[in-house]
Amino acid sequence: VSISASGNCREKFSWSWRSYKTVTEEDKLHSEKMSIEFYGWQVIHEDNGHLKSGQELINGRGYTMYHGTHKNNAASIIQSGFVPSQDGLLGAGVYVSRDVTKAKAYPKQTATCDKVVFKLKVRVGKVKKIDTDNHPLQKTWHQHGYDTAWVPPKCGMLFIPSGKEEDCIWNPKRITVVDIAYADDQVKKDLKKLIHEKAAAKNAKVTDQCDVCGYQKDSSHTVHRCWGCENVICPFMSKHVCKKTK
């Protein structure tokens, strides 16, 4: 079975149907059962994280985005996370963009040598597009169940004279700093070290790992034997090729 990040799959399987009787005498046929025999799969990682800013955000996806800040704030953000702005064009939240040039313009009135641009992984959740001035949900989108507000590039909003994409993330826990896209050489080196140390510390806390796939186990994480080749497999493995000859 080939499964893409979007949930689409291409399957190689066999169907077998059988009916069975219930324990009660009056019911002759209870239902039909379906069993599917899988003979291997490979996960396909679609590169949706690097969509251009002009392409529409899709609910539930993770995207590469950027955020510009002053170098004096960078270490704190890496160690403790973002502190949401209390207000702005799109209300409260953390402001980011898939356009790195947009992020490089911030903070305003700051020397280039004092700027840091984070490369982020953002889980956008439920997205609301804001593409007109004075949109009825411009600052209240979160109250209507949305996790992210997205202003498309070149949408004509007067409040964004640059015409570049802008995104506002309500919950900073949806944002992970993964790298430094721009900074002074020494600052970049120090911040990259911090990012690596935090990632290493996080991984060190994961003590209950699956011996098959290497990911952290939870109550729903169980391993099985392949119905074909009898090898131990895990549903979180990225690939399994069954050796059974059909």
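**Close-up views of a predicted model**

**View 1. Glutamine 109 in a loop.** Glutamine 109 lies in the loop between α2 and β8, where helices (H or I, at least four residues) and strands (E, at least two) are DSSP runs numbered from the N terminus. Residues are numbered from 1 along each chain as its sequence is written, and side-chain values use heavy atoms, with hydrogens and water left out. This is a predicted model, in which local features need pLDDT of at least 70 and side-chain atom pairs count only at pLDDT 80 or more, while totals for chains, interfaces and linings use all residues. The phi of glutamine 109 is near 55°, which is a positive value in a residue other than glycine. Because its relative accessibility is 85%, glutamine 109 counts as exposed; exposed stands for over 50% relative accessible area, buried for under 20%, and partly exposed for values in between (1.4 Å probe, protein chains only).

**View 2. An open sheet of 3 strands.** The strands follow the order β6-β8-β12, and their pairing is antiparallel; two strands pair if DSSP finds at least two bridges between them. At the edges stand β6 and β12 (175-182), each with a single partner strand, so one side of each is left without a neighbour in the sheet. From one strand to the next, the twist averages 30°; for such angles, axes are lines fitted to C-alpha atoms, for helices over the stretch in contact, and the values run from 0 to 180 degrees between N-to-C directions. Helix α1 (residues 71-80) packs on this sheet and touches β6, β8 and β12, and its direction makes about 135° with that of β6; contact means heavy atoms within 4.5 Å.

**View 3. Strand β6 and its partner.** In strand β6 (residues 62-70), 7 of the 9 residues are buried, so the strand is largely enclosed by the rest of the structure. Strand β8 (residues 115-123) runs antiparallel to β6 and is joined to it by 9 bridges. Histidine 70 stands opposite lysine 115 of β8.

**View 4. Strands β8 and β12.** These two strands pair in the antiparallel sense over 6 bridges. Isoleucine 175 in β12 is the bridge partner of valine 122.

**View 5. Lysine 154 in another loop.** Lysine 154 is found between β10 (148-151) and β11 (166-169). Although lysine 154 is not a glycine, its phi is positive, at about 55°. With a relative accessible area of 77%, lysine 154 is exposed.
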